[in-house]
Amino acid sequence: MSKTLLLVIPPYYKFFGSFNNRVNLGALNLSEIFKQNKIIPYILNLDYQQKGTLILRPSIFQNSRSPDKTIYSSATRELQQNIDQLKPDYLRYCVGDVANPAVDSGSPERAEYLAWEIKKMNPSLFKIGYGPFLRENNIFDLNVFGQGEGKILSHIRNQIK
């Protein structure tokens, strides 16, 4: 029986009135590794926006204001809708990507907050924190620091047996 995994890219630029429609290289690479190992991957970029004005990256950081807290609730709703629709066996949160700046693929604070909210609604859904900027925490069921594709695959394979 195949397992499914939803790779979650937390919002960052949306907090500052912009968006980021790129999917980082790490998520794409990891998705392909999972496919090759008979794990069905889905990618959800919570920073994606169909229309809008793209604010130049430097001006976001030079003129940043307090993050818009409504982004958290809309991101949580969007993620929960995807969980309801896809019914994944695992959630994997991007917490930085060595091929991109940390903020492009989820700062630790944003990923942890989103994971905490989803954990309250889906306590039995297995949550993986993954990336070079992951911090020690008790939010994720599995913390994979740095590059740990093998550790994630090993864990999922052991659960399938």
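This is a predicted model: local features need pLDDT of at least 70, side-chain atom pairs count only at pLDDT 80 or more; totals for chains, interfaces and linings use all residues.

**Strand β3 and its surroundings**

Tutor: Leucine 7 stands opposite arginine 92 in β3. The partner strand is β1 (residues 3–9), which runs parallel to β3 (residues 90–94) and is joined to it by 4 bridges.

Helix α3 (residues 70–86) touches β1, β2 and β3, and its direction makes about 165° with that of β1. Helix α4 (residues 108–121) touches β1, β3 and β4 (126–131), with its direction at about 160° to that of β3.

β3 also pairs with β4: 5 bridges join the two, and they run parallel. Here tyrosine 93 is opposite glycine 129 in β4. The complete sheet is open and has 5 strands in the order β2-β1-β3-β4-β5, with parallel pairing. Its edges are β2 (39–45) and β5 (142–145), each of which pairs on one side only. On average, and with direction ignored, neighbouring strands of the sheet are turned by 20° against each other.

How buried is β3? Of its 5 residues, 5 are buried, so the strand is largely enclosed by the rest of the structure. The cover is on both faces: Tyr90, Arg92 and Cys94 lie on one side, Leu91 and Tyr93 on the other, and all are buried.

Leaving aside residues up to four places away in sequence, tyrosine 90 touches Lys3, Thr4, Leu5, Leu6, Leu125, Phe126, Ile128, His155, Ile156 and Gln159. The C-alpha atoms of tyrosine 90 and lysine 127 are 5.9 Å apart, although 37 residues separate the two along the chain.

With 17 residues at 1.5 Å a residue, α3 should span 24 Å, and its end C-alpha atoms are 24 Å apart, so the two values agree. Its buried residues are Ile71, Tyr72, Ala75, Thr76, Leu79, Gln80, Asn82 and Ile83. They cover an arc of only 160° around the axis, and therefore sit on the same side of α3. The cover over these buried residues includes β1, β2, β3 and α4. On the face turned away from the buried side, α3 carries the exposed residues Arg77, Gln81 and Gln85. Lysine 87 follows α3 and has a positive phi, near 50°.

As for the chain that holds these parts, its secondary structure comes to 5 helices and 5 strands. Along the sequence they follow the pattern β-α-β-α-α-β-α-β-β-α. The protein chain has 161 residues, and 49% of them count as buried. Among contacts with a separation of 6 or more, 75% are between residues 24 or more positions apart. The accessible surface of the protein chain is about 8300 Å², and carbon and sulfur atoms account for 53% of it.

Notes
Residues are numbered from 1 along each chain as its sequence is written. Side-chain values use heavy atoms; hydrogens and water are left out. Two strands pair if DSSP finds at least two bridges between them. Axes are lines fitted to C-alpha atoms, for helices over the stretch in contact, and angles run from 0 to 180 degrees between N-to-C directions. Contact means heavy atoms within 4.5 Å. Buried means under 20% relative accessible area, exposed over 50%, partly exposed in between (1.4 Å probe, protein chains only). The expected span of a helix is 1.5 Å times one less than its number of residues. The arc is that of the directions from the helix axis to the C-beta atoms. Accessible areas come from the Shrake-Rupley method with a 1.4 Å probe; for residues, only the protein chains shown count as cover.
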